Amino acid sequence: MVKGAEVVIIGAGIIGSSIAYYLAKEGLKDVVILEREYPCWGATGRCGAGIRQQWGTEMNCRLAKGSVEIFKGLSDELGYDIEFEQGGYLVLATSQAQLQLYKRNVALQNRLGIPSRIVTPQEAKEIVPILKTDGLPGAAYCPTDGHANPFKTNLAYLRAAERLGVKLYKFTPVVGIEVKDGMVQGVITTAGRIETSKVVNAAGGYSAEVGKLAGLEIPTHSERHQIMVTEPLDGLFDPMVISFTSGLYCQQVPPGSILMGMGDPDEPPSHNLSASWQFLQRMAQEVLRILPVLKEVRVVRQWAGLYNKTPDAQPIIGEAEKVKGFYMAIGFSGHGFMIAPMTSYILARLITGGEPPISVERLSLERFERGELVIEPSVVG
Amino acid sequence: MRIVQHPILTFARGKKISFTFDGRTLEGYEGEPIAAALHDAGVKVLRRSIRLSRPRGFFCAVGKCSSCLMKVDGKPNVRVCIEPLREGMRVETQRGKGELIERG
Amino acid sequence: MREVEIAIVGGGPAGLSAAGIALQTGATALLIDDGQHLGGQLVKQTHKFFGSKEQYASTRGIEIARILEKGLEGHPHLEVWLNSSAVGYYPDGVLTVLKDERLVKVKPARLIIATGAAEKMLAFANNDLPGVYGAGAVQTLMNLYGVLPGRRALMVGAGNIGLIVSYQLLQAGVEVEAVVEAMPKVGGYWVHAAKLRRTGVPILTSYTVLAAEGREWVEGAIICPVDERFRPIKGKEQRIEVDLICLAVGLSPLSELLWQAGCKMKYISQLGGFAPLRDGNMETTVKGVYVAGDSAGVEEASTAMVEGRIAGLAAATSLGYRIADAQRLKEGLWAELEMLRRGPVGQKVREGVKTALINQDSDS
């Protein structure tokens with residue numbers, strides 16, 4: 001174990017790994033990642049890995065579009081195929097009111113260069129031939145949204161970071177963060193102490209716990225979300241199909257399996273990672289409402305992961321005012337994978353003192369105390 | 001090939017029935033796994049691997065290994081090592097990962 | 001939601017025996033099996049069993065399956081679901097079963113997992129060619145359905161399964177060109193080896209298979225002697241003409257449900273892989289979840305039957321059902337296990353079981 005580091009990152013998921021990569025790329029020599037388990041153990045290895053640009057606020061649209069631009073060149077940049085594919089996102093509307101909201105969002109997205117559009121039920125059926133369109137008022141569609149392999153993306157970032165000198169310690173839980181006069185001094189792990197003035201909390205589902213170690217009350221909580229996946233089949237449809245009303249998302253991923261997930265409004269805060277039969281049942285019923293031919297397909301696996309949620313379902317990006325040197329990239333509320341490249345790049349710029357390409361001041365930790373929540377209508381809860 | 005004489009066993013075979021394999025009419029016994037009837041007819045290659053198109057056959061016989069997935073009566077990914085044979089079944093080599101919707 | 005007293009997953013020797021004794025105490029049981037018939041692997045065992053009279057010594061496996069099944073047939077407290085896969089066991093104690101293409105939920109007061117074992121694979125070139133079959137698959141094809149798996153066979157592995165299946169291949173009219181075994185000596189019972197040797201089949205110890213040859217299916221095999229560190233000796237490769245390569249390289253417990261249930265598992269090589277820790281009642285570390293047979297650690301059908309009886313007895317008595325001399329019965333079953341595991345062949349298993357046993361004197 002090293003004795004000291006310029007920056008210590010807690011968490012080797014997609015967020016921690018990509019921050020490490022961008023820090024090293026910015027020229028930092030002593031970056032360390034501490035991972036309690038192993039890379040991809042947490043939310044990254046359990047996520048749906050959809051990549052969507054259809055957002056309702058300018059900041060989110062820009063973060064997402066910037067991320068897609070990075071994703072496009074990422075396999076080449078990192079020297080590892082992350083299986084990025086742009087099959088689009090089809091966002092179903094369930095009411096005229098929702099369709100109106102989508103129209104406003106599409107106008108915003110188009111202004112920012114995102115090629116989304118409103119489609120009729122007939123067009124939606126052309127895009128997803130197995131879609132049941134009865135009672136569907138319409139949908140929003142963006143052909144450049146997509147999907148990547150979350151394991152490969154995480155590991156690609158990690159390996160590239162390691163090639164640039166980043167050190168990864170697996171199975172090394174952080175048990176303490178030393179803070180003196182409001183400044184970070186070091187990190188204590190089960191394997192020893194590392195002296196550092198900069199710590200990054202990229203602990204995903206355990207962000208509040210890591211915050212406590214530095215004496216910070218971070219208003220994030222974790223919530224179980226589940227996914228199930230079917231046997232592989234030849235291509236049936238390209239885009240991710242989602243509904244903000246039911247919170248459902250469903251996509252056929254490159255191996256041919258159909259992956260689907262859905263939130264549960266009654267899910268209590270917890271770190272529960274066990275799968276439930278109730279999800280299996282509810283998910284099957286909901287997905288058959290919109291994609292009825294899937295009734296012939298066998299489910300082969302189900303699992304659970306954690307959403308790390310904030311009160312406004314928007315992430316916390318930046319340095320804590322009360323503890324200098326304590327940076328955060330947490331609380332992504334289920335959308336961390338898709339905006340990881342850009343947010344991590346921005347945080348790396350903030351740490352090295354460079355100018356970030358997009359301002360994320362609105363995503364500070366202190367916004368909750370000030371009551372300045374970010375209102376984003378387009379989240380999958 | 002069927003075992004005709006066995007020192008210990010006698011085989012209680014079901015009704016002799018016919019089915020098709022890739023359009024060819026074959027015979028088998030009702031209720032035995034489709035794969036047994038195919039093996040008897042000398043059909044050893046049941047599917048092709050997805051990436052390298054390597055031949056794959058019967059392997060575990062208990063529905064666990066997915067080496068024998070075939071299309072049966074239009075339905076893809078049927079494990080023929082455990083699926084009972086029925087009169088008139090349409091058994092086909094499946095292309096790729098299997099099509100859920102039959103295209104004309 | 002279907003509530004039952006005792007659900008038993010797996011209708012092989014362990015599951016059938018567990019059901020038998022549970023019913024004897026008055027308990028009700030649901031027996032779930034993913035196959036078309038009860039009996040598990042017994043239905044293709046044409047050889048005669050060893051062991052005690054209680055465990056059907058000198059009786060062929062196929063007959064034992066019939067005897068066990070007959071003993072349960074039509075019992076009013078027993079329900080049997082065939083062609084039904086237990087696909088999940090959840091933290092709230094619900095067992096999900098795929099039955100007739102539907103997901104059925106069962107809530108058992110006690111669960112006995114007797115799912116058996118799966119065959120291990122061996123790495124060699126072209127091991128995915130049709131004609132490379134597991135020993136269990138070969139038995140199924142020829143002993144259950146009367147279909148010849150090939151004409152000329154190479155058997156890989158000289159443990160009990162390799163030896164027995166080689167003999168069965170001969171009985172079915174298949175030529176066995178050779179049995180190769182990487183270890184320096186035969187692993188199975190001497191009786192089985194001797195019986196095979198008398199037929200003239202060479203048993204080549206310190207030998208392995210390097211490759212299968214053939215375009216669409218197996219047309220030959222490359223075998224080769226290995227040194228004391230199991231490395232093939234260069235220049236000693238031989239090609240033999242076979243159309244069947246039968247793998248009998250061991251089994252590992254089918255433990256998915258045990259993992260899902262949250263049972264404490266331990267990698268125990270002598271038992272074939274990950275096995276659940278269990279006490280003297282065959283109860284795992286999850287209360288109310290019992291294990292028996294190969295899923296508790298790979299052994300023989302005879303020990304599976306005894307373990308099944310221990311688990312079935314414990315599950316039923318824990319629900320309040322009584323049987324005369326339950327304690328003596330249990331002790332007798334453990335004594336039988338000890339007897340079946342005697343001798344040099346049982347040594348590995350004895351070591352393995354010792355590591356898996358916890359709270360040995362706990363009673364319920």
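Trainee: Which residues does the domain assignment give to domain 1 and to domain 2 of chain A?

Mentor: The model before us is predicted. In its chain A, the assignment gives two domains, each made of separate stretches of sequence. Domain 1 takes 7–46 + 151–220 + 312–370, and domain 2 takes 86–143 + 223–305.

Trainee: What area is buried between chain B and chain C?

Mentor: Contact here joins 30 residues of chain B to 34 residues of chain C. Carbon and sulfur atoms give 57% of the buried area, and the total is about 2900 Å².

Trainee: Which residue of chain B meets C:Asp128 in a salt bridge?

Mentor: Across the interface of chain B and chain C there are 5 salt bridges. In the one that involves C:Asp128, the partner side chain lies at 3.0 Å, N to O. The partner is B:Arg56.

Trainee: Which element gives the most residues to the side of chain B that touches chain C?

Mentor: The interface of chain B and chain C also holds 13 residue pairs in polar contact, both residues being at pLDDT 80 or more. On the chain B side, α1 (34–40) and β4 (55–56) each supply at least two residues. The element that gives the most, with 3 residues, is α1(B).

Trainee: Which three residues supply 64% of the area that chain C buries against chain A?

Mentor: Chain C and chain A are in contact through 8 residues of each. They bury about 600 Å² between them, and carbon and sulfur atoms give 61% of that area. The three residues that supply 64% of chain C's share, more than any other three, are C:Tyr90, C:Leu103 and C:Lys105.

Trainee: How many salt bridges are found across the interface of chain C and chain A?

Mentor: By class, the side of chain C that touches chain A has 5 nonpolar, 1 polar and 2 charged residues. Polar contact is found for 3 residue pairs, both at pLDDT 80 or more. The number of salt bridges across this interface is 0.

Key: Residues are numbered from 1 along each chain as its sequence is written. Chains are lettered from A and ligands numbered from 1 in the order in which they are written. This is a predicted model: local features need pLDDT of at least 70, side-chain atom pairs count only at pLDDT 80 or more; totals for chains, interfaces and linings use all residues. Side-chain values use heavy atoms; hydrogens and water are left out. Domain bounds come from an automatic or database domain assignment. Contact means heavy atoms within 4.5 Å. Buried area is the accessible area (1.4 Å probe) that two parts lose on being put together, summed over both. A salt bridge is a side-chain nitrogen of Lys or Arg within 4 Å of a carboxyl oxygen of Asp or Glu. A polar contact is a pair of N or O atoms within 3.5 Å; within protein, one must be able to donate a hydrogen and the other to accept it, and residues adjacent in sequence count only if both atoms are side-chain atoms. Helices (H or I, at least four residues) and strands (E, at least two) are DSSP runs, numbered from the N terminus. Ala, Val, Leu, Ile, Met, Phe, Trp, Tyr, Cys and Pro count as nonpolar, Asp, Glu, Lys and Arg as charged, and the others, Gly among them, as polar.
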